[in-house]
Structure formats: structure tokens, C-alpha cells
Amino acid sequence: MELRRTVPFLGDVVGKRVFRIDNFLIGNGEAPQPELVTRIGRTLDLSLIGHDLPVELAEAVIEEQFDAAMDYLFSHPLWEQFRSGSDAVEPLLGYLIETRHYLAAAPARMAPGVSCSYPDSDITEILARHLIEESNHAIYFERALETLGVSAATARSIRPDPRTIELIHLMRDVASHDPLCAAVCSGLLESTANDRDGVLRWHDMLVQRGLLPASTVEAFKRHVAVDYELGHGRTWRRVLRALGPTVHSDRLAIALNASTQVAEMLFRWFS
């Protein structure tokens, strides 16, 4: 199985911002040599380092993928709007509504991962528990919208943006591939739960800059606290370790390839 790296790996090397592609570094504005272009044109074949990888190595690769994807996603102009506060109110309202729709679809988009985990009872229990715990998280965004005069009934009646529907169906599809794929793709979206302090600072910034009322932010900020308390940012690790001391490179590549699809979809969803 070949591993696509369609999400750029960004890094900071001795104070210089670079793209990291496999083990090669290209500085901004530099023209790569023809030999390097040829190498970049190839995909990374995980079988070169063994068919069965220790879970510790697989965990490190997944973490690196998550870090790269987050750098990629937070580079979207929408997040710059949020950070600067420039014309950010309307996008924030859209973010609240569409996130509510995405979370409300948790049973539909997460169930295939539970189904394909059978007959591994340990993994089935991990994924089923995660689904059950996520099944009512839309309520935090409904409560936030209520503080702005949008009732829960009205929020539920608003048709989701087509990209939200596409994201939901993509998550349902990747979850049906394999339980590790389901856990990694879900873990990508919840990886910020491990940086609770950073996420909470962003919520506080929304209030400090007058972008949203404190009551609104407090309502959906509770979702961050609940996810953190439930350990949802670590679910993918529990699934990975439940697979055994090693994971086959094909299985890991499928999960990583799917996670790049999710990252690219999220980038378009932000648009």
C-alpha cells in the first residue's frame, strides 16, 4: 500500500518556514533540483520499513500527520478572520450552525466504524462508547444559538450546507473501511481536544474582542470540556493499541490516506 501525502507537512527548521515532503526539506522560494522533483513525485511506501510496524512507531506517524493537517487547516483564511476579528461575526454564526448539523449526525457517520469492528469486542466497545457519548453533543451548539435568539427547533430546521452533508457522508464512508481508519479520521477532528488550554484561549478571545456574547461562547465551550473529560482526543490511541503490539503497514496507510481526504474536505468546508 502506498501512502499519499496530499496535505503538506509544514515545519520550522532553524527559524525558517519549510515544506517537509517525506525526508526532504524545501525552503520557501527555493527551486528544487530535478532529482528532488522526481523523488517528490513518488509516494511514500510504508512497506520499505517493514510490513508490521510497532504501535509506538505507528502512533508517532499518526501524530505527525495530525500536526501537519492542523497546520494546513488553521492556515485557511477563515481562521485568520476569526483571529483578527475582521468581518468574523457572520462566519462565526455559520460555524455554529454547521457544526451543530455535523454533530447531530454523529450516530449516522460513526456507526459504520462500529459495524466493521466486529468481531473484535474490545475495539467494538471503544468505538460504540465513543458513538454513544458523541450522540447528543449537538446540544451545546443548540444552546449557544439559543442565546442568539435561534431556537433549537429553528436550528434543526435549517438545511445544512452541501459541504456539511458531504463531510458527514465522507466520515461515514471512511469509517466503513476499517476500525483503525474510523478512529484515526475521527481522531483528526478531535485532536485539538488535547490542547485544551489553546482551544479555551481562542474561545476567550471571541468574547474579549466582542465577536460573540459571553453566554454564547460559554454554551459551546462546554463541548470542549466534555470531550476533554471523556478523553475523546485519545480514542484513536486506544483503538490502535487494542489491535496488538504491531499494525500492518497497509492498514496504517489506509487510515492515513483517509485522514488526508478528511483534512482536504475540512479545508473546503471552511470555505
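User: What is the relative accessibility of phenylalanine 267?
Analyst: This is a predicted model, in which local features need pLDDT of at least 70 and side-chain atom pairs count only at pLDDT 80 or more, while totals for chains, interfaces and linings use all residues. Residues are numbered from 1 along each chain as its sequence is written, and side-chain values use heavy atoms, without hydrogens and water. Phenylalanine 267 counts as partly exposed, a class between buried (under 20% relative accessible area) and exposed (over 50%; 1.4 Å probe, protein chains only). Its relative accessibility is 22%.

User: How many aromatic pairs does a search of the whole structure find?
Analyst: Rings of Phe, Tyr and Trp (its six-membered ring) pair if their centres lie within 6.5 Å; planes under 30 degrees apart are stacked, over 60 edge-to-face, the rest tilted. By that rule the number of aromatic pairs found is 13.

User: What is the angle between the planes of tyrosine 72 and phenylalanine 267?
Analyst: The two rings are 4.7 Å apart, centre to centre, and count as stacked. Tyrosine 72 is in helix H2 and phenylalanine 267 in helix H14, 195 residues apart; helices are DSSP runs (H or I, at least four residues) numbered from the N terminus. At 18% relative accessibility, tyrosine 72 is buried. The angle between the planes is 15 degrees.

User: Why are tryptophan 79 and phenylalanine 82 separated by about one helical turn?
Analyst: These two residues form an edge-to-face pair, 5.2 Å centre to centre with 85 degrees between the planes. Both tryptophan 79 and phenylalanine 82 are buried. They are about one turn apart because, within helix H3 (residues 77-84), their spacing is three residues.

User: With which side chain does the side chain of glutamate 59 make a polar contact?
Analyst: Glutamate 59 lies in helix H2 (residues 55-74) and is buried at 14% relative accessible area. A polar contact is a pair of N or O atoms within 3.5 Å; within protein, one must be able to donate a hydrogen and the other to accept it, and residues adjacent in sequence count only if both atoms are side-chain atoms. At 3.2 Å, the partner is arginine 241.

User: Which backbone oxygen does the side chain of serine 117 reach?
Analyst: Serine 117 sits in the loop between helix H5 (106-116) and helix H6 (121-134). Its relative accessibility of 4% makes serine 117 buried. At 2.6 Å, its side chain reaches the backbone oxygen of valine 114.

Key: Helix = DSSP H or I, 4+ residues; strand = E, 2+ residues; numbered from the N terminus.
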